[in-house]
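Student: I am new to this structure, and I would like to understand the words used to describe it. Could you show it to me and let me ask about them?

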Amino acid sequence: MEVWLFRLLVVAAAALFVRQMLVRYRLLARAPGALEAPELAPRVRAFVSEIVFQSRTIAARPIVGIAHLLVFWGFCAFAGYTSVEALRGLGIIDLTGTAAFHAYEAALVPFASGVLAGITLLAIRRGVLRPRALGAYVSKESLLISAFIAILMITFLVDAADAHAGVAVGGVPLERVNWWTHMLVILAFTVLIPDSKHLHLLLSPATVFLRAPILGTVPKLDFEKEQTGLETVGQLEKKQVLDAFTCVECGRCQENCPAFATGKVLNPKKLILQNEEALLAGKLDLPLKDLYDDPALWQCTTCGACQNECPVGVEHLPLIVNARRGLVSNGEAPSQLVPVYNHLERRGNIWGLLSEQRQKFIDAAGVEIFDPVKHDYVVWLGCAGAFEADFQKSLRALFDILKAKQVRFGVLAKEKCNGDVAKRTGNEYLFQELATSNVADLNEAGVKKVITSCPHCLKTLGHDYREFGFEAEVMHSAVFVEELTRGATPIPGVPTQGTVTYHDPCYLGRYAQTVDEPRALLARAGATIAEPERTKTNPFCCGAGGGLLFEEQETGQRISDARYEQLAATGADTVVMACPFCSIMLKGAQASAGKSGAAGAADKPIAMTDLMSYVADRLPGVRDGAPPAAAPPAASPPERSGEPTS
Amino acid sequence: MILVIAEQKDGAINRASWEAVAAAQTLGGPIRIAVIGSGATAAIGEMAGAKAEGVLTVDHAALASYTADAYTHAIAELVTAQAPDVVVAAHTYQARDVMPRVAARLDRPLVTDVVGIQAGSPPVCVRPMFQAKLVAEVVPVGPAPHFVTVQIGAFRADSAARGDSPAPVTTVDVTVPADAIRQKPEPPFREAKQAVDLTQAPRIVSVGRGIKGEEHIQLARDLAASLGAELAASRPIIDAGWLPSDRQVGSSGQTVAPKLYLALGISGAIQHVVGMKGARTIVAINKDPDAPIFEIADYGIVGDLFEIVPAMIAELKKG
């Protein structure tokens with residue numbers, strides 16, 4: 001009787017589970033695209049680190065993360081116990097009396113204690129502390145699940161301690177009450193999983209494994225196949241559908257999003273949850289622009305914080321860029337981008353300036369046109385290097401350093417914008433035109449190694465151009481110069497004025513994970529570094545990426561103003577930057593700050609400078625008139641190891 | 001004979017129509033200038049000053065406000081009656097709307113956006129193609145008349161030859177049947193967004209963060225007044241609320257191309273530069289000799305604007 005009742009319940013729970021999962025499976029099966037996982041090694045590494053050891057869960061929230069780790073490992077450990085008990089209940093086989101099971105049960109006790117401690121902590125956080133990231137209301141279902149998990153552990157501990165021996169409740173032996181409670185909770189849990197955020201238990205190993213190993217991977221569109229980007233819910237690709245069902249609603253993306261932090265409507269978490277809701281409601285024809293809050297899609301700086309902090313492998317960047325592509329292909333780009341696209345089409349640079357200005361700069365700086373026989377490296381100027389007077393100072397500093405170290409380098413006779421703005425804003429056609437043209441020029445010139453001072457050029461040339469047949473090594477000047485100047489010490493007598501804070505560009509710190517080299521360079525130049533809030537691989541964006549350099553009018557606080565405040569709060573006397581976009585934004589923020597005598601307009605304004613300028617002025621043999629090092633290490637240029645840009 | 005279609009609004013000739021006259025004159029041969037509208041007396045008088053065989057006035061109540069149908073009808077009838085070899089108009093917004101319709105109605109070729117024209121039968125027209133990546137010579141085919149619109153600024157209005165005595169004015173009657181007009185013009189309006197139109201200002205005095213305080217804006221205002229210039233600013237000044245946003249120059253403000261742009265305490269951030277790089281002469285005053293503004297300035301003064309500007313005002317007042 002008891003066995004049959006349990007069998008019936010197991011079948012019922014399984015049926016309810018399968019029915020809910022089938023709805024999701026069908027949505028996944030009909031979604032376009034494929035679930036592919038090329039390049040196995042980085043995916044396996046990510047899986048071990050992020051799933052087995054929960055590195056992303058722990059990284060930014062250590063206490064909560066470790067509590068979660070305990071629950072996760074406990075769950076894994078308990079799989080065997082639950083199976084054995086279920087087999088017994090179904091009347092198939094009873095292994096509970098074996099010595100092995102007793103040993104296993106004993107070994108589970110610490111796990112159970114860990115889970116119990118972990119879940120108590122998590123429940124208190126969710127129910128009592130209620131951090132903003134988790135949303136405005138307390139999810140009752142989450143608390144119920146917490147209670148379930150706690151009950152599972154308590155019933156297990158009672159069983160393991162044999163505490164129920166001989167005790168009966170209303171004539172029923174406590175052992176049975178305990179067993180049934182345990183099993184009913186398991187069955188209820190099974191039924192609740194598919195329609196809750198706890199589906200991440202089943203899906204997140206897959207989504208983490210399927211996530212592109214390089215941040216910001218947005219494959220090119222194939223115009224031959226008439227691909228134009230995402231327009232409707234039904235066009236969401238398989239991984240995006242999986243992401244929507246996997247999202248665990250932890251809010252790390254939201255809390256790290258610079259747009260959300262400055263009062264804009266964009267909330268990366270909401271985009272994913274809106275996808276889930278629309279998919280389950282079967283609104284496959286609903287345009288994404290009607291699904292999302294306007295203009296959320298155009299408030300993303302593509303800083304990548306959301307995706308990089310997500311513990312379950314959700315990829316927000318390809319979603320946003322692809323949805324932008326869908327809008328741009330219908331002529332729905334925001335008005336501030338229209339002149340930029342025109343400039344890129346007509347003049348090949350984002351500001352619409354004449355190429356003769358670039359030539360003037362090259363002539364004035366006294367650098368040679370690249371010749372593969374004479375030169376080892378190309379210095380890629382980028383739009384800012386070619387046209388922006390302020391950033392040209394940074395390039396002159398780089399040239400001075402390279403010349404002092406006798407590096408054999410040249411610049412290309414002509415360059416077009418690498419297409420970063422076109423790519424990130426979804427003007428894929430324009431991007432491909434620029435990419436194709438640049439790759440042809442680079443390959444024709446015989447370029448094998450590229451140095452650039454612009455992290456956006458680094459990302460595009462070093463990663464996005466791979467799809468266009470460009471295979472040269474691409475490195476940021478910070479990385480190259482760091483290796484070039486190892487062992488150098490600051491010019492004696494140059495005073496180190498106060499402290500320096502370094503603003504990591506998103507496309508360098510987060511995308512390329514280059515955080516040590518700039519700091520090593522600063523230290524070598526004699527700087528004392530004060531780290532700002534949000535730094536290294538999780539910096540707070542300057543607000544320029546994703547085409548927002550051209551927006552200027554922002555709702556809420558300007559992202560650049562927020563970042564400038566964070567940098568100023570370090571009390572540093574100098575802010576050092578390593579990206580032309582960051583430099584434009586943060587200098588603008590400084591100019592706008594302190595309009596009413598607040599920070600920035602103080603007696604001694606914070607010096608805003610570029611990494612290369614800072615270094616060139618402070619390392620010997622560059623600008624101090626001293627002869628170059630007797631045995632120039634650059635006679636054999638430094639060999640880079642590892643992957644060029646990741 | 002070459003027929004020029006002149007464009008007028010409320011009796012004022014569009015300056016670009018003089019450029020069309022100049023273009024027509026390079027072809028040699030007699031020229032007639034048609035003024036389309038209703039009661040455009042002043043415009044007729046102005047065009048009579050051109051060196052031309054005659055001015056034709058096409059006056060009809062239905063032509064008082066522009067509609068594509070009425071103007072197409074009137075111009076097509078005029079061209080048919082006059083039988084010119086070439087019809088020339090300036091490539092204005094109105095011409096872009098109406099000239100293709102007229103050419104299509106008469107089944108004759110139209111060459112648009114022409115930057116150069118050589119006499120001949122038919123004339124050889126030069127026009128940019130593929131976003132000015134190449135310049136093509138285009139020869140219209142088939143029987144005359146051939147229609148040509150000339151790019152604004154490609155010919156100089158002041159080079160149009162004036163006649164020794166006013167050209168004779170002839171009235172040409174056209175029939176514009178009311179039922180042929182499908183559009184109903186609304187009263188013209190200007191978008192109120194930009195209360196201050198800096199784009200038309202010949203001289204601009206622009207202030208940046210170097211002005212330091214709201215109380216010093218008056219100094220720049222005084223300089224602007226003594227130069228007969230408009231006052232403008234870079235973004236930080238607008239952010240601070242020291243000047244209204246319609247005075248902002250730059251990528252999120254207005255794009256200006258004055259004859260003189262005087263930048264006071266402006267560092268020259270790229271977003272500002274893209275809004276004023278088209279200025280004929282740029283004069284920059286800035287304390288910081290490394291300020292990027294000096295890279296594009298024609299004249300640069302490294303110094304304290306609070307010393308220099310009062311001296312400039314004093315000097316201007318003398319003159």
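Predicted model: local features only at pLDDT ≥ 70, side-chain atom pairs only at ≥ 80, totals over all residues.

Student: Why is Leu56(B) called buried?

Tutor: A residue is buried if 20 or more other C-beta atoms lie within 10 Å of its own, exposed if 12 or fewer, and partly exposed in between, with C-beta atoms placed from the backbone. Leu56(B) has 26 other C-beta atoms within 10 Å, and therefore counts as buried. Of the 319 residues of chain B, 43% count as buried.

Student: Where does Leu56(B) lie, and what is Leu56(B) in contact with, leaving aside its neighbours within four places in sequence?

Tutor: Leu56(B) lies in strand E5 (residues 54-59) of chain B, where helices (H or I, at least four residues) and strands (E, at least two) are DSSP runs, numbered from the N terminus. Two residues are in contact if their C-beta atoms, placed from the backbone, lie within 7 Å. With those neighbours left aside, Leu56(B) is in contact with Arg32(B), Ala34(B), Thr170(B) and Val172(B).

Student: What makes Lys212(B) exposed and Lys536(A) partly exposed?

Tutor: Lys212(B) has 12 C-beta neighbours inside 10 Å, so Lys212(B) counts as exposed. Lys536(A) has 16 other C-beta atoms within 10 Å, which means that Lys536(A) is partly exposed. Lys212(B) is placed in the loop between E13 and H5 of chain B, with phi near 75 degrees, a positive value in a residue other than glycine. Lys536(A) lies in the loop between strand E8 (528-529) and H26 of chain A, and phi of Lys536(A) is near 55 degrees, again a positive value in a residue other than glycine.

Student: Why is H26(A) called roughly perpendicular to H27(A)?

Tutor: Two packed helices are described by the angle between their axes and the distance between the axes. Helix H26 (residues 559-568) of chain A and helix H27 (residues 580-592) of chain A pack at an angle of about 80 degrees, with their axes 8 Å apart. That angle makes H26(A) roughly perpendicular to H27(A), because angles under 35 degrees count as roughly parallel, over 145 as roughly antiparallel, 65 to 115 as roughly perpendicular and the rest as oblique. Axes are lines fitted to C-alpha atoms, for helices over the stretch in contact, and angles run from 0 to 180 degrees between N-to-C directions.

Student: How do you know that the buried residues of H17(A) are on the same side?

Tutor: In helix H17 (residues 355-365) of chain A, Arg358(A), Phe361(A) and Ile362(A) are buried. They cover an arc of only 100 degrees around the axis, which puts them on the same side of H17(A); the arc is that of the directions from the helix axis to the C-beta atoms. On the other side of H17(A), Glu356(A), Asp363(A) and Ala364(A) are exposed. The cover over the buried residues of H17(A) includes helix H18 (382-387) and helix H19 (389-404) of chain A.

Student: What makes E14 and E17 of chain B the strands at the edges of their sheet?

Tutor: An open sheet of five strands in chain B has the order E14-E13-E15-E16-E17, with parallel pairing. Strand E14 (230-233) and strand E17 (299-302) of chain B each have a single partner strand, so one side of each is left without a neighbour in the sheet. The twist averages 15 degrees from one strand to the next.

Student: What makes the peptide bond from Ser121(B) to Pro122(B) cis?

Tutor: The peptide bond from Ser121(B) to Pro122(B) has omega near 0 degrees and is cis. Pro122(B) is placed in the loop between strand E8 (116-118) and strand E9 (124-129) of chain B.

Note on methods
Residues numbered from 1 in each chain as written. Chains lettered and ligands numbered in written order. Pairing = 2+ DSSP bridges.
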